[in-house]
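This report describes the architecture of a predicted model. The sequence and structure are shown first, and the description follows.

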Amino acid sequence: MKSVFSALASAITLATILTTSPVSAQEKEIIVYNAQHKSLAEEWAKAFTEETGIKVTLRNGGDSEFSNQIVAEGAASPADVFLTENSPAMTLVEQAGLFAPVNADTLALVPKEYQPSSGKWVGIAARSTVFAYDKTKLNADQLPKSLVDLADASWKGRWGASPSGADFQAIVSALLQLKGEEATAAWLKAMKENFKPFKGNGTVMKAVNAGEIEGGVIYHYYWFGDQAKTGENSKNVELHYFKNEDPGAFVSVSGGGVLASSKHPDEAQAFLKWIAGKGGQAVLRDGTSFEYTVSTGEAANAKLVPLADLQAPKIDPATLNSKKVTDLMTAAGLL
Amino acid sequence: MQSSPDFARPVAQASLAGQRMRLFRLPWIAIAAILVSLFALIPLGFIIAVAIQIGWATVVELVFRPRVGDLLVNTFFLVALTVPLSIALSVALAWLTERSDLPGARLWAWLAVAPLAVPAFVHSYAWVTLVPGVHGLGAGVFISLIAYFPFLYLPVSAAMRRLDPALEDSAASLGLGPWRVFFRVVLPQLRLAICGGSLLVGLHLLAEYGLYVFIRFDTFTTAIVDQFQSTFNGPAANMLAGVLIACCFALLVLEILVRGEERYARVGSGAARQAPRARLGRATLPCLLLPLVVAVLAIGVPFVTIGRWLVAGGWEVWRLDEISAALGQTAFLAIAGAVLATVAAIPMAWLSIRKPGRLQRVLEATNYTVGSLPGVVIALALVTLTVRFMLPLYQTLVTILIAYTLMFLPRAIISLRASIAQAPVELERAASNLGRSPANALWSTSIRLSAPGAAAGMALVSLGILNELTATQMLAPNGTMTLALAFWSYSGEIDYAAAAPYALIMVAASLPLTWLLYVQSKRMAGQ
């Protein structure tokens, strides 16, 4: 039996040696908590490393998961940079006081509407809410005029969404900001009755394409991405932009920030600046992500409907409340 | 039903004396089992601590709500339908492959184990591709059945192969017909195997995540992950986990009640005669249909689907640097985790066979309960504990390996237990009487003899780690990208073609492990 114990002991020793091996030997390395699409962040990281020699290690996950994780980690967070798809997660970390101020030259790259007044994080990309619908089933005049209309009983069983995703929760946070708590709670209650739940926006679009539902509330770029690849999951799908400053015309700002606890603040700031600058925005414009660019003077992919034409509601990204949204959605039985 | 009535009484007396003796002579093994169980209790303690922290009123609000009711109904029907179907399918297949003269029995036996090589979420991925829009309870039961029945087939077929035909002959000579012999003599002897296997299947149903996400079937585990992705470690996730633990307790109690305490080892001179195979005669063709249909559904469909996506994706989807890195990381985690889990399982498995009692049941229940928790709950507890109290261990290999051990301990215990049960306790006593120290006596007899079970357990644990998603994502060191994580990431972006190479490699890596399991179960029967 002794040999069993010694095997256990040596296994633990081995593991300890392996894990405590000198990470600090590589000086120029940053750890990024990445809630953006893995492929996009990998493209950013690769190009940045080639240009600067700074190594980037990605940890992939979701907005809300990471923001709450960073709060739980507090000052001990191993992360240097946090990238999201939507801004509520940024606000959560900011309110916990865990972000270092973003360098002024980085903030200067991005228009004021895509960053909080505090300067604790900065917009790196943007995405628009759309109603992706089955063009073989719905005509233009049968489309909902507003996101709010989907609570109507006539839409029962006809539309879908991905309620557990940070994307949809950001859209709900915009609704909350524009219409107030009572109206949002009522809308969510009606939504629970009416909609079909899916996991992931891509899956919602796939279901629309397959005729399982007539439409779904998602972001625009899933459609463009699929069209650029095989089109297999979007050939029957068309996008409807609500416009008219409707809650459904919400444009969500993806954010990036540097953690106050970062041990490599200079490299972290450099990475954020690179993403918000020419290099990172060019990846958005020329790559396959189809997210909007946000930096001044950096045009978006020509295939997209210009941001200026979307008539998005004016919402300060720093005011979006993720905690309230998940509480309301839990109360409505959506989570 | 006693399988060896002649020996029952003296054995009982001897083991009583032996118990008293060992209580003083081998306390370390109990201590080791207690230590492992204490470790296993961390996630439970964590959930209780959260409940106390948020207060009773909030607990009631989060537990007694319609959503929890929906999930309970889903989970109940999933288990109540899948487990009996799995038992029926496994017993039928085991009888056909082990006790009948079905042509190609060996091939069919192997094909009945092979579905284990396909991760549950890959089964789902295949069916979603083949039948777009498939969803709900029916789909959940069907895919769970074909993904998990081998967990029952393996022990049932092994047990069936080992049966002493003398008992069946006696029953037949006393006037029972073949069907009644089967139900009154064969089936009761399979009870340990069926109970162990059913528990394993039931626990997997409770903990599975990926399979049900593809087909939009909500269970407690998927709901916990939803909550986790929205709130990280919010109280709602923990309270859902609390209900899930209660479900698991219900399964455990059920298994203990049904399992009983009978002794099944054969004691006597000589070896059991090999059972003759039943002649199927005219029934051969219809009987062939069952294993054939199962093989097509459980192996054919995943392979054809993966092949279809590989063709559609072409060479582009083979990003070799990415893939080889993921393969290396996965192999390392799987091997290290399997060794650790098996070593941790030894004390518990030994106690449960050699010294069953209240302490052993409490400890075993603890380990099974933790093993039934979804990876995300264990990960949540470990993340919070390491980040608050043991920072040097946060996001290290040690933590993820501990999580794997906690999650997959039941697999290691069940395999070891079956093996130790077959190692006669008399050998241990003989070794002691011949002057070996207690630990040495145990090592040179039961543990060595249970090596086949240990190897099978390791293979099962490795398989589990290969397919693990949520805990790996939360706990693994930064930059970790296993095959399962990469597959999940691509399929989440509905890039099914890019996910296909990872699915193929996972299946290819699992096949040898599954083959090992198959060979092991043959060898245990002395073939």
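## Overall architecture of chain A

Chain A contains twelve helices and ten strands. The model is predicted, and the values given here are computed from its atoms. Along its principal axes, the C-alpha trace of chain A spans about 70 × 60 × 40 Å. A compact globule of 335 residues would have a radius of gyration near 20 Å, and the 21 Å of chain A agrees with that expectation.

Of the 335 residues in chain A, 52% count as buried.

The domain assignment divides chain A into domain 1, given as 28-125 + 252-309, and domain 2, given as 127-250 + 321-331. The C-alpha centres of domain 1 and domain 2 of chain A lie 25 Å apart.

Where the domains of chain A meet, 18 residues of domain 1 are in contact with 14 residues of domain 2. On the domain 1 side, helix H3 (63-73) and helix H4 (88-95) of chain A each supply at least two residues. H4(A) gives the most to this side of domain 1, with four residues. By class, the residues on the side of domain 1 of chain A that touches domain 2 of chain A comprise seven nonpolar, seven polar and four charged.

## The contact between chains A and B

The contact between the chains takes 43 residues from chain A and 40 residues from chain B. On the side of chain A that touches chain B, at least two residues each come from helix H1 (2-19), strand E2 (55-60), H3, helix H8 (201-209) and helix H12 (322-331) of chain A. H1(A) provides the largest share of that side, nine residues. The side of chain A that touches chain B has 16 nonpolar, 19 polar and eight charged residues.

## Helix H3 of chain A

H3(A) supplies at least two residues to the side of domain 1 of chain A that touches domain 2 of chain A, and at least two to the side of chain A that touches chain B. Nine of the eleven residues of H3(A) are buried, so this helix is largely enclosed by the rest of the structure.

The buried residues of H3(A) are Asp63(A), Ser64(A), Glu65(A), Phe66(A), Ser67(A), Asn68(A), Gln69(A), Ile70(A) and Glu73(A). After H3(A) comes Gly74(A), which has a positive phi near 60 degrees.

## The loop between H11 and H12 of chain A

Most residues other than glycine have a negative phi. Phe290(A) has a positive phi near 60 degrees, although it is a residue other than glycine. Phe290(A) is found in the loop between helix H11 (278-286) and H12 of chain A. With 23 C-beta neighbours inside 10 Å, Phe290(A) counts as buried. Gln311(A), likewise not a glycine, has a positive phi of about 45 degrees. Gln311(A) is found in the loop between H11 and H12 of chain A, and counts as partly exposed, with 13 C-beta neighbours inside 10 Å.

Val305(A) is also found in the loop between H11 and H12 of chain A. It counts as partly exposed, with 15 C-beta neighbours inside 10 Å. Leaving aside its neighbours within four places in sequence, Val305(A) is in contact with Tyr241(A) and Leu310(A). Val305(A) and Lys196(A) are 109 residues apart in sequence, and their C-alpha atoms are 28 Å apart in space.

## A helix pair in chain B

Two packed helices are described by the angle between their axes and the distance between the axes. In chain B, the axes of helix H14 (residues 220-231) and helix H19 (residues 375-389) come within 9 Å and cross at roughly 40 degrees. H14(B) and H19(B) are therefore oblique to each other.

At this contact, Ile224(B), Val225(B) and Phe228(B) in H14(B) meet Val376(B), Val377(B) and Leu380(B) in H19(B). The residues of the contact of H14(B) with H19(B) comprise six nonpolar, no polar and no charged.

Definitions and conventions. Residues are numbered from 1 along each chain as its sequence is written. Chains are lettered from A and ligands numbered from 1 in the order in which they are written. This is a predicted model: local features need pLDDT of at least 70, side-chain atom pairs count only at pLDDT 80 or more; totals for chains, interfaces and linings use all residues. Domain bounds come from an automatic or database domain assignment. Two residues are in contact if their C-beta atoms, placed from the backbone, lie within 7 Å. Ala, Val, Leu, Ile, Met, Phe, Trp, Tyr, Cys and Pro count as nonpolar, Asp, Glu, Lys and Arg as charged, and the others, Gly among them, as polar. Axes are lines fitted to C-alpha atoms, for helices over the stretch in contact, and angles run from 0 to 180 degrees between N-to-C directions. Angles under 35 degrees count as roughly parallel, over 145 as roughly antiparallel, 65 to 115 as roughly perpendicular and the rest as oblique. The radius of gyration is taken over C-alpha atoms; the globule rule is 2.2 Å times the number of residues to the power 0.38. A residue is buried if 20 or more other C-beta atoms lie within 10 Å of its own, exposed if 12 or fewer, and partly exposed in between; C-beta atoms are placed from the backbone.
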